[in-house]
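User: I'm new to this one and would like to learn how to read it. Could you walk me through it feature by feature?

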Amino acid sequence: MHWDSSFLCQDAPSSGSYQFTFTVTNLSGVNQPVVIESIPLRRATPRSHPRAASGTINGTSRFQTTIDPLQSASFTVTGNYQQAITSEGEKAKLHFQVRGRDVMFRRFQLGVNAHLRGPRSPTDHLRRDGAGPEGPVTSMMSRALPRGGCSPDSVP
């Protein structure tokens with residue numbers, strides 16, 4: 001499998017709505033389709049005080065999408081977020097989990113994260129190499145734009 005695993009938006013407002021689209025490609029070595037069943041928002045971090053990060057996902061996160069070998073499917077996720085106030089500035093990280101199975105009903109989970117950073121929040125610690133597990137499963141870094149938030153020029 002190959003998927004867009006991480007999205008970054010700098011200079012995002014303290015709260016607002018987001019929208020990002022990511023792609024999952026079936027690079028299965030066994031030449032069989034996979035089924036994507038759900039994309040829940042698992043949690044939002046950090047959980048610092050006085051205000052913790054939060055997020056919601058709009059619409060249903062359960063469905064059935066089959067991806068044939070060497071084919072791709074794109075998914076658009078929308079919702080709302082609230083950044084946490086930290087010693088590094090305002091930020092939120094939304095953790096999504098793409099859940100699916102192969103034709104033998106072997107389950108898999110793919111992590112997708114959206115990093116929303118307020119003005120002047122450092123991003124040097126974020127990996128831009130798409131680090132993922134070795135072997136047949138790979139991932140890559142992409143960009144996201146909160147609706148009404150960042151412009152393409154503000155995304156590294």
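**Reading the strands, the core and the salt bridges**

Analyst: Let's start with strand S9, which is mostly covered: 10 of its 14 residues are buried. Buried means under 20% relative accessible area, exposed means over 50%, and partly exposed is in between, using a 1.4 Å probe and protein chains only. Keep in mind that this is a predicted model, where local features need pLDDT of at least 70 and side-chain atom pairs count only at pLDDT 80 or more, while totals for chains, interfaces and linings use all residues. Residues are numbered from 1 along each chain as its sequence is written, and side-chain values use heavy atoms, with hydrogens and water left out.

User: Which strands does S9 pair with, and how do they run?

Analyst: Two strands pair if DSSP finds at least two bridges between them. S9 pairs with S3 in the antiparallel sense over four bridges, and Val35 has Arg101 as its bridge partner there. Four bridges also join S4 to S9, again antiparallel, with Leu41 partnered by Phe96. Strand S8 (residues 84-86) runs antiparallel to S9 too, through three bridges; look for Ala84 facing its bridge partner Lys91. Then there is S10, joined to S9 by 11 bridges and antiparallel as well, where Gly100 has Phe108 as its bridge partner.

User: Where are the hairpins that involve S9?

Analyst: One joins S8 to S9 through two residues. In another, S9 and S10 have four residues between them, and Phe105 in that turn has a positive phi of about 65 degrees.

User: What makes up the largest nonpolar core?

Analyst: A nonpolar core is a set of buried Ala, Val, Leu, Ile, Met, Phe, Trp, Tyr and Cys residues joined through side-chain atoms within 4.5 Å. The largest one here has 30 residues, and Phe20, Phe22, Val24, Leu94, Phe96 and Val112 touch the most other members. Elements giving two or more residues to this core include strand S1 (2-9), strand S2 (15-25) and strand S7 (72-82). S10 gives the most, with five residues.

User: How many salt bridges are there, and where should I look?

Analyst: A salt bridge is a side-chain nitrogen of Lys or Arg within 4 Å of a carboxyl oxygen of Asp or Glu. The structure holds four. Put together, Glu37, Arg101 and Arg107 form a network of salt bridges.

User: What does Leu110 touch?

Analyst: Contact means heavy atoms within 4.5 Å. Leu110 sits in strand S10 and is buried, at 3% relative accessibility. Not counting residues up to four places away in sequence, Leu110 touches Met1, Trp3, Val24, Phe96, Gln97 and Val98.

User: And which residues does Gln32 touch?

Analyst: Gln32 is in the loop between S2 and S3 and is partly exposed, with a relative accessible area of 24%. Leaving out residues up to four places away in sequence, Gln32 touches Asn26, Pro69, Val103 and Met104.

User: What share of the whole protein is buried?

Analyst: Buried residues make up 45% of the 156 residues. As for contacts between residues at least 6 apart in sequence, 73% join residues at least 24 apart.
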